[in-house]
Protein chains: 2
Amino acid sequence: MTQATEQLKKRLSTIGNIQRAAALLEWDMQTYMPQGGAAARAEQLATLSEISHDMFASQETVRLLEQAEQSASSLDPSSEEARLVQRARRDYDHTARIPTELQSDIARHSALAQDVWQRARAANDFPTFAPYLEKSFDLARQVADNLGYTTEPYDALLDMFEEDAKAAEIAIMFADLKPHLVELTKAIVKSPRKGQDAPIPGPFPIEAQNAVTKKIVASLGYDFNRGSQDQAPHPFCSGFSRNDVRITTRFNRDYLNMALYASLHEAGHAMYEQGLPEEYDNTPLGHAASMGAHESQSRLWENLVGRSRQFAEYVLPTLKEAFPSQMGNVTPDQFYRSANCVQPSFIRVEADEVTYNLHVLLRFELERDVLSGNLKVADLPEAWNAKMQEYLGVTPAAHSEGVMQDVHWAAGLIGYFPTYSLGNLLSAQLWNSIRKVNPDLDEQLRRGEFAPLLGWLREKIHSRARLLKPDALIREATGESLNAKYYVDYLKFKYTALYEL
Amino acid sequence: MTQATEQLKKRLSTIGNIQRAAALLEWDMQTYMPQGGAAARAEQLATLSEISHDMFASQETVRLLEQAEQSASSLDPSSEEARLVQRARRDYDHTARIPTELQSDIARHSALAQDVWQRARAANDFPTFAPYLEKSFDLARQVADNLGYTTEPYDALLDMFEEDAKAAEIAIMFADLKPHLVELTKAIVKSPRKGQDAPIPGPFPIEAQNAVTKKIVASLGYDFNRGSQDQAPHPFCSGFSRNDVRITTRFNRDYLNMALYASLHEAGHAMYEQGLPEEYDNTPLGHAASMGAHESQSRLWENLVGRSRQFAEYVLPTLKEAFPSQMGNVTPDQFYRSANCVQPSFIRVEADEVTYNLHVLLRFELERDVLSGNLKVADLPEAWNAKMQEYLGVTPAAHSEGVMQDVHWAAGLIGYFPTYSLGNLLSAQLWNSIRKVNPDLDEQLRRGEFAPLLGWLREKIHSRARLLKPDALIREATGESLNAKYYVDYLKFKYTALYEL
């Protein structure tokens, strides 16, 4: 790297340190912070956000950036250094367009809103949460206005999570996907095999669930020397360097799959971050390519691996060891069916693979409507329930399992949801590519040999970090742009067999 | 408050937010951070330290400080506002004298050194730790040189923890104290009652220890809505606002008193911080008066309350409920004796009330010698063991239970140890004052009514925050300056009866 780029990197790593500190404060807020800490925490986050924003948007950073651009101009644009400078430019432009006060307002509000959300959800109290939700959308609209957009404000927000993605294209993707999902769901619900997919009855003591899920994600390749599993009301993964990437999960004493699949999902995220190259750590390259790419990893380990027939065979002895009396008589087929029960239901994170994307579609449409002014926040609960009825044929009895179920809007993650569906599609597309070069994959999974799979992901996705834009990464890894066909084929093949359709 | 002071307060609260974020990063480092996180954490702490230091030492802060001093100059010097400005001046002067680079070096080094210490202590490996310890002392010496001192470098460090204290006076205090402690220890060891003070045999499952210690400290008045109890290799208390003050403890399956008295000690610290006035939060007044004052609270709850005959009667039913088979036949007298076993031993934090201050004396003398250049770090283990033999008549078999036992030197807390002894003396002096106005105290403790005691401490100590210098606070609360007599009398009275001397 040239000296100019080294200087830029140094400046950005200082800013990165502040952002990482803020990320730890957010992790703590969801894990160990006592309730009383919320107000002061919001101020701490606002301060860190303001300082990192000011440092990033400062004249000094521009100067270093321009110097680095100058010295990178003679380099191959696909070189590491040129890409680092391009990424830094994108991050800078984004930051500089957001006023400092808006940035710290967002940090403060998001901390306070998450606190209120947590308690309001528990009390099923939408009116208390509504003004915070209103403000979340208002702040998001201001962000979109500052960032700018051609067609609609949603695009500006989406672009933060998935570079170059457009709401109109997402809408087309869902329009393609939806009939397949609806049709498949209907067929499954009528299947004579329905009813053989019940959860394994518990109870499963929490301590033992914690121990066994840790053991399982460690066996996949999640490195606990550089990570940990803690408990949070809404599971997430958060990293403060590639050598400190933590997951959280949640437990239900009577339903083992809640913790198991939350852990698998978050470990999928975490292995991505643990696999980012050491030399990119705390630089503009040391991130996932996009949130869609991130979700492709979580959904791949959760679903393509974790809900496969092969994994059922691998994992069952471990679960039987942990829960001999509860799991002793369970067969791999029974476990496989219980992990793939397709059933229209209320909670996105608990949804099966078939109905899951309908939950995302609903959120995408609603947040797009609110942002463009076609729907009021006060009318969100009703609109939510109407769409649930329309897409899934069910109506939540309480807002806590309806419009208030997700932390995202409180946390300011508006425009994020579509990346879950992009991740689902990508996970199946990657899987298709892996199988081509590794025909032994099924047998490996059955034996619990995850290293070849993880190795492929490390090579094709993790080690590529943020060198490429999402589309370029997908084309490099799979030979084509994102294509819903693989996901649809995967679902049809799997569930036709499972439910004997 | 005048507008000038409000502006100063706002600036300092921003700096306070950064320092609080750093404190959370340190808390995490001792509780939940995976091993791999240490290097990045050191950089994060160095950045936060540098930023808060630069903001504090900046022209802008001086300008606001001078404006506030101007507007406070017409006020009664004992008014809240005048005191706030005085405290801010002291903090500013201290900060401005330390160069930014030294400050961030200290933050980085202390994070790295604690990581090395933890592993080196576990492996009983002094040579690996030695260069870090060397650097800790070197940095402390630089701090002392920058802060300035009249007599010896130790004074400059001590003053950071205990305003106006001097090493020479501490030495005199210990010289007064030592013969009493040595004599009392000798008499006890020969007592026919020795041997009746054995620990209650376990095992005590960790989960149950955690639950019962939480229940007990909550009953004292520690507010879990504004706190939590987590686990750490070296118990500590850390606060990120008066509404988020956390304690840590540690467990030994076979020795319940380790966790019980660590929890009581840290809860004593935490109740102080939870009792600081809301309106001083995140201002120069919103701190303990000194570390000696802080330790007076922890040692008071740990010892004067927790190791009293009355507390034994109160707490035993709770412990019997948690551990029916282990504690079922234990009498209050037996529990009382087990909690007050006087025995020369290796570990300070496990030491009884009589020998405890000899452990502190040893550390005080050693760090004073190293700082003044009379002792090399390489010779510390030998010097440690020689003094252990001289003062306590025992020699640790391993450095892990000798010179490497405490986190303080790794964490850069050189000059801190004497505050434990100041705290011990003050705890007995406060106790004497409380008894005068509350003759019913013993009966209250027996019944588990801690509110009158906590109320007195809230009024005389906690609510006074950092309005007064340590000596003024002590005089206000007890009518005289710190006086070792109360502690010596307390020990003699208690242990003469207990061991029938």
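Pro203(A) lies in the loop between helix H8 (167-189) and H9 of chain A. In this predicted model, the peptide bond that joins Gly202(A) to Pro203(A) is cis, its omega being near 0 degrees. Chain B has a cis bond from Gly202(B) to Pro203(B), again with omega near 0 degrees, and Pro203(B) is placed in the loop between helix H8 (167-189) and helix H9 (206-220) of chain B.

Two further loop residues have backbone angles to note. Asp164(A), although not a glycine, has a positive phi of about 75 degrees. Asp164(A) belongs to the loop between helix H7 (153-161) and H8 of chain A. Its relative accessibility is 41%, so Asp164(A) counts as partly exposed. In chain B, Ala465(B) is not a glycine either, and has a positive phi of about 45 degrees. Ala465(B) is found between helix H19 (451-460) and helix H20 (470-478) of chain B, in the loop. Ala465(B) is buried, because its relative accessible area is 0% and the cut-off for buried is under 20%.

Helix H12 of chain A covers residues 309-322. From first C-alpha to last, its 14 residues reach 20 Å, close to the 20 Å expected at 1.5 Å a residue. Val315(A) is itself buried, and other buried residues of H12(A) include Phe311(A), Tyr314(A), Leu316(A) and Leu319(A). The buried residues of this helix pack against several helices of chain A, among them H9 (206-220), H10 (256-274), H11 (291-305) and H18 (441-447).

Elsewhere in chain A, ring pairs link Phe137(A), Phe161(A), Tyr356(A), Trp384(A), Trp409(A), Tyr416(A), Phe417(A) and Tyr420(A) into a cluster. Arg299(A) is over the face of Tyr356(A), 3.6 Å from the ring centre, and the charged end of Arg363(A) sits over the ring of Phe417(A), at 5.4 Å from its centre.

Over all chains, the structure holds 43 aromatic pairs. In one of them, the ring centres of Tyr32(A) and Tyr32(B) are 3.7 Å apart and the planes are at 10 degrees, so the pair is stacked. This pair crosses between chains, each tyrosine lying in the loop between helix H1 (3-31) and helix H2 (38-56) of its own chain.

At the interface, 34 residues of chain B are in contact with 34 residues of chain A. The two chains bury about 2,400 Å² between them, 63% of it on carbon and sulfur atoms. Asn17(B), Tyr32(B) and Pro34(B) supply 20% of the area that chain B buries against chain A, more than any other three residues.

Note on methods: Residues numbered from 1 in each chain as written. Chains lettered and ligands numbered in written order. Predicted model: local features only at pLDDT ≥ 70, side-chain atom pairs only at ≥ 80, totals over all residues. Heavy atoms only, no water. Phe/Tyr/Trp six-rings, centres within 6.5 Å; stacked < 30°, edge-to-face > 60°. Helix = DSSP H or I, 4+ residues; strand = E, 2+ residues; numbered from the N terminus. Lys NZ or Arg CZ within 6 Å of the ring centre and 35° of its normal. Expected span 1.5 Å × (residues − 1). Buried < 20%, exposed > 50% of the residue type's maximum accessible area, 1.4 Å probe, protein only. Contact = heavy atoms within 4.5 Å. Buried area = accessible area lost by both parts, 1.4 Å probe.
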